[in-house]
Amino acid sequence: MDENAHIVLKDVRKAFGAKKVLNGINLSVPKGRSVVVIGGSGTGKSVMIKTILGIIRPDSGSITIGGEEVTGLRGKERDALLQRFGMLFQGAALFDSLPVWENVAFGLIQGRNTPRKDARDIAMEKLRQVGLGPEVAALYPAELSGGMQKRVGLARAIAADPEIIFFDEPTTGLDPIMADVINNLVVDCVKRLGATTISITHDMASARKIADRIAMIHKGEIIWQGPARSVDTSGNPYVDQFIHGRAEGPIQMEILKA
Amino acid sequence: MNFLANLGRVVLALLTEIGSIVIFIKDALLQGLTPTIYVRQILEQMLRVGYNSLPVVGLTAFFTGGALALQIYLGGSRFNAESLVSTIVALGITRELGPVLAGLMVAGRVGASIAAELGTMRVTEQIDALTTLATNPFKYLVGPRIIAGVITLPILVGIADTIGIMGGYIVGTRSLGFNSFAYIKSTADFLQLGDVTSGLIKAAVFGFIICLMGCYHGFHSKGGAQGVGRATTNAVVSSAILILAANFVLTSLLFSE
C-alpha cells in the first residue's frame, strides 16, 4: 500500500493556543482511492484537511503528496499544488456575488486563465454531470436550495479535473434522499476522474457508500483504520460506539463530564 | 496582583492585535499589490468605493461649506474681518475638512460594507474556497479594494472640495451679501496648489486606511453573525480613529514644509 500512497500524513500536530487539535495524525491514502475519516464534532477532522491544503500550517510533522513534501510551500509552488486539488465545503461556500456558472468556472478563469467562453462550456458540462440543467447556470447561489448548492459546489470541485478531492461533510444538512443523490454523484465523479479523495463525515450511511477505506479520528489521532467493509467487525470499542451512535461507551461527550 | 494580571492581559492583547495588523499589512502589500492584478475586481471596487459614495460625500461637503461660511462670518465680524470668509472656507475645506469628512463618511459607508462582506465570506468558508480554487485571497479580495481606495478617495475629495467651496459661495452670496465676482476672485487669488494637493495626499492615505481596516477585520472575523457584526463595528471605529490620528501626523508633516 505504501508504494502507491498518494497522500501521506506523518505525525502531524497542531495546537491553537493550549488546545491541541491534532495530536500526531498518521494517515496514508492510496492513489485513486477514497478514504473516509469519521469522528465526532470537534475531533480535528476539518483542521486535518486544512493542513493538507495549507490553509492551516501544522506545528510539526510531515505531509507528502506524490512523495513531495508540501508543508511550508509558499508562493508559486503552493499555487501549483493547489491547482491539483478540488474541495467541496460543508456549507458549499459558493461565492454569492457570482452566478452559478461563474462559481463552477471560477478556478478555471481566475486560477488557470482559461478564456471565459471555454470555461463556461466546461462549467455547463460539469453542471450536467451533477444533474443540473442550463437553466440553473444564470441563477445566483442564494436562489438555490441546499441540495442544489451542494451539487453546484461539487461541480465546482471537479471543474478543473483535480487529481485530489476533499469532501467536507458532503451530506450534512440534507434530507436522506438528497444525501443519497449526493453520495452517488460523489462516487460517480470520483470514478470518472480517477481522483484520490479524502472525505470527512459523521454520516455512516454516506461513509459506507463512498469509502474504500475508513479511518476513525478521536481527540486528534487516528485510532482505527481499515477497509470499509470491515468497519462493522473492527473490534474497536470507539468505532463500535460511533457507528451505532450510542451515548454510552469509551467516547465521553463533554456534556456528560460537566 | 489581580490588577497586574489584568493589566498584563490587556497589554498582551493589544500587542497581539498590533502584530497581526502588521502581518496583515505585509501580506496585503507583498501578495495583494503584486501581479497577478485583477483589473475587473479593481474597477468593480472603484465603482463601489468611489462612485457610490458620491452622494454622501457631496452632501456632507455642501452643508459643511455653507456652515463654515456662516461661522467664519460670525467670528470674523467681531474684528471686522468678514472679508476673509471666502479664503478661509477654501483653505479649511481643501486642507482639512474635505479629506477628513469625506474619509469619515467613506469609512462608515465602505469600511463597514467591506468588513461585513469579507467577514461573511470568512465565516461561510468562501475565503478558504478561493484558496482551494488556486486564487490567492489577498490578490483577489484585498489588493483590489486597497487599490480602489487609494485611487478613488483623492478623486472623491477633489469633488468634495469643489462642492464644499460652492456651498460656501452660495451662502456667502445669497445670505451674507458678498459680491459673486469678488467672492470667486478672492478664492482663486489666495488658494494655492499646495492647499489642494496636501488634501489629496491625505485622502489617498485615508483611502488606504479605510480599505485596509475593512479587509483586516473582515478577514479575522469569526463566530457567525455576531462575529461579523463585531468586525464591522471594529472596522469603522478603528479606521475613524486612524484617520483622525493620521490627519494630525500628516498635517504636521505637510505644515512644516
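## Chain B at a glance

Of the 257 residues of chain B, 46% count as buried. A residue is buried if 20 or more other C-beta atoms lie within 10 Å of its own, exposed if 12 or fewer, and partly exposed in between, with C-beta atoms placed from the backbone. This is a predicted model: local features need pLDDT of at least 70, side-chain atom pairs count only at pLDDT 80 or more, and totals for chains, interfaces and linings use all residues. Residues are numbered from 1 along each chain as its sequence is written, while chains are lettered from A and ligands numbered from 1 in the order in which they are written.

Chain B has nine helices and zero strands. Helices (H or I, at least four residues) and strands (E, at least two) are DSSP runs, numbered from the N terminus. The C-alpha trace of chain B spans about 65 × 55 × 35 Å along its principal axes. Take the contacts in chain B with a separation of 6 or more: 88% of them join residues 24 or more positions apart. Two residues are in contact if their C-beta atoms, placed from the backbone, lie within 7 Å.

## A helix pair in chain B

Helix α3 (residues 54-77) and helix α4 (residues 85-123) of chain B pack at an angle of about 145 degrees. Their axes are 9 Å apart. Axes are lines fitted to C-alpha atoms, for helices over the stretch in contact, and angles run from 0 to 180 degrees between N-to-C directions. The crossing of α3(B) and α4(B) is right-handed. A crossing is left-handed if the near helix is turned anticlockwise from the far one by less than a right angle, and right-handed if clockwise.

Which residues of α3(B) and α4(B) meet? Those from α3(B) include V57(B), A61(B) and L68(B). Those from α4(B) include I88(B), L97(B) and M105(B). The residues of this contact divide into 16 nonpolar, six polar and one charged. Here Ala, Val, Leu, Ile, Met, Phe, Trp, Tyr, Cys and Pro count as nonpolar, Asp, Glu, Lys and Arg as charged, and the others, Gly among them, as polar.

The loop between α3 and α4 of chain B holds N80(B). Its phi is near 55 degrees, a positive value in a residue other than glycine. Most residues other than glycine have a negative phi. N80(B) is exposed, because 7 other C-beta atoms lie within 10 Å.

## V196 in helix α8

V196(B) lies in helix α8 (residues 193-219) of chain B. Is V196(B) buried, exposed or partly exposed? It has 18 other C-beta atoms within 10 Å, so it is partly exposed. Leaving aside neighbours within four places in sequence, V196(B) is in contact with T94(B) and D161(B). V196(B) and P99(B) are 97 residues apart in sequence, yet 10.0 Å apart in space, C-alpha to C-alpha.

## Two sheets in chain A

One open sheet of chain A has six strands, in the order β6-β7-β8-β3-β9-β10, with mixed pairing. Two strands pair if DSSP finds at least two bridges between them. The edge strands are β6 and β10 (221-227) of chain A. The twist averages 15 degrees from one strand to the next. Strands β7 (residues 164-168) and β8 (residues 196-201) of chain A run parallel, joined by five bridges. D168(A) stands opposite I200(A) in β8(A).

Another open sheet has four strands, in the order β2-β1-β4-β5 (chain A), with antiparallel pairing. Its edges are β2 (19-30) and β5 (68-69) of chain A. Each has a single partner strand, so one side of each is left without a neighbour in the sheet. Five bridges link β1 (residues 5-16) and β4 (residues 60-65) of chain A. The bridge partner of V8(A) in β4(A) is T64(A).

## Where the chains meet

In the contact between the chains, 15 residues of chain A touch eleven residues of chain B. On the chain A side, α2 (75-82), β6 (85-88) and α3 (100-112) each supply at least two residues. α3(A) gives the most, with four residues. By class, this side of chain A has nine nonpolar, five polar and one charged residues.

## The nonpolar core

How many residues are in the largest nonpolar core? It has 137. A nonpolar core is a set of buried Ala, Val, Leu, Ile, Met, Phe, Trp, Tyr and Cys residues joined through C-beta atoms within 7 Å. V104(A), I165(A) and C215(B) are among those with the most contacts inside it.
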